[in-house]
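Open the model in your viewer and keep the selection tool at hand. This tour goes from one stop to the next.

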Amino acid sequence: MEKRDYYFDNAKFILILFVVFGHLIQSYIDKNSIIEAVYKFIYTFHMPAFILVSGYFAKGFYNKGYIWKLTKKLILPYLIFQTIYTVFYYYLYDKSTLAVDPLNPQWALWFLLSLFCWNLLLLAFAKLKPIPSLALAFAIGLLVGYADWISNYLSLSRTFVFFPLFLLGYFMERKTFSRLTETKSKIITSVIILAVLVSMYLFPDWNEKWLLGSKPYDVLGAEVPYSALLRAGVYILNIVMVLCFFSYVPDKKYFFTKWGKNTLYVYLLHGFLIKTFRASDVSNHYSFDIGTYVILALVSFVLSILLSSKFITSLTQPIIELRANKWKKFKERFKVGFLHLKRMLGNE
């Protein structure tokens, strides 16, 4: 059995924590300029880093049965949760109609659909050498913004816009990440991180939707001649910030490392809690200050741990991984515990 790389497990858990926190504060960033800057700062790297590391682990795409395994891992859960979220929103927002549309991903589900497509695109792009392959991918990502019909439908916009980052991860080697964690690299990345964070605060009018990759240029309000240049700048920002993030990821085993392998569970499940919170009276009437956001950060941490726990993964594995191994173990442990408790009560 191949030993897990703690570095990437740590990275994935930290990233999913940022994802949950970013989604939790998204509707309330206008209440505090510092938090707005933090929010934009997070979005410069958290999903790009997830995408890059997904590409890094896609090196076995040419193995026999890989596409079928990927279909079971991504497309089937996508269809299941697309239906579940549609029903959930129907009741949460008291909608008048209930219609499941598998071609327009609900909220965060775009990532599953795009991840599947990125792996398929490797069939063509991996045949080229790294430089021409990446150049072509970035060119497509820049040009696709001019097509105003490419948006959320089938997650096409994000698929093409973020594919270069996935492809970059595919071409990267483990030693590259190791070099990033060296002390001299951290000195440089620390300066960059501080500069970007300060810039986000000093220029609050900058449209963070450029970081989402989901809209064509005309929706983003950019002047046509300069649109591709702006996206090119965002690409540079994404790559630099992703490298900065990975320079600070620890490579040893910590208490949170084990949860890094369950980020898919957190990603798929946290939306139910986040959307419920946003629709609640608590979110609409609560006074938001810095202390509140600290509490929300702690809540994000607890949610990430809870949704990564054995209890939750055991309950939801049948619909997320379409397997019941953890569920069977959970039932066995529950049965043993119940019998033990029964014996204890019988002896009293």
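## Around helix 2

Select helix 2 and look at what covers its buried residues: among the covering elements are helix 1 (6–25), helix 3 (46–56), helix 9 (183–202), helix 11 and helix 14 (290–308). Buried means under 20% relative accessible area, exposed over 50%, and partly exposed in between (1.4 Å probe, protein chains only). Helices (H or I, at least four residues) and strands (E, at least two) are DSSP runs, numbered from the N terminus.

A word on the model: it is predicted, so local features need pLDDT of at least 70 and side-chain atom pairs count only at pLDDT 80 or more, while totals for chains, interfaces and linings use all residues. Residues are numbered from 1 along each chain as its sequence is written, and side-chain values use heavy atoms, with hydrogens and water left out.

Stay on helix 2, residues 33–43. Eight of its eleven residues are buried, so the rest of the structure largely encloses it. Colour the buried ones: Ile35, Glu36, Ala37, Tyr39, Lys40, Phe41, Ile42 and Tyr43.

Now select asparagine 32. It caps the N-terminal end of helix 2. Its side-chain oxygen lies 2.9 Å from the backbone nitrogen of isoleucine 34.

## Arginine 231

Move to helix 11, residues 224–247, and pick arginine 231. Which side chain of opposite charge is nearest to arginine 231? It is aspartate 218, 9.4 Å away. Arginine 231 is buried yet has no salt bridge (a side-chain nitrogen of Lys or Arg within 4 Å of a carboxyl oxygen of Asp or Glu). For charge, Lys and Arg count as positive and Asp and Glu as negative; His and the chain ends are not counted.

Next, show lysine 215. Its backbone oxygen lies 3.5 Å from a polar atom of the arginine 231 side chain. Then display other residues in contact with arginine 231, including Gly141, Val161, Trp210 and Tyr217. Contact means heavy atoms within 4.5 Å.

Select cysteine 244. At 1% relative accessibility, it counts as buried. Cysteine 117, at 24%, counts as partly exposed. The structure holds zero disulfides (pairs of cysteine sulfur atoms within 2.5 Å).

## Zoom out

Show the whole chain. It has 16 helices and zero strands. Its C-alpha atoms fill a box of roughly 80 × 55 × 50 Å, taken along the principal axes. Buried residues make up 45% of the 348 residues.

Terms used. A polar contact is a pair of N or O atoms within 3.5 Å; within protein, one must be able to donate a hydrogen and the other to accept it, and residues adjacent in sequence count only if both atoms are side-chain atoms. Lists of a residue's contacts leave out its neighbours within four places in sequence.
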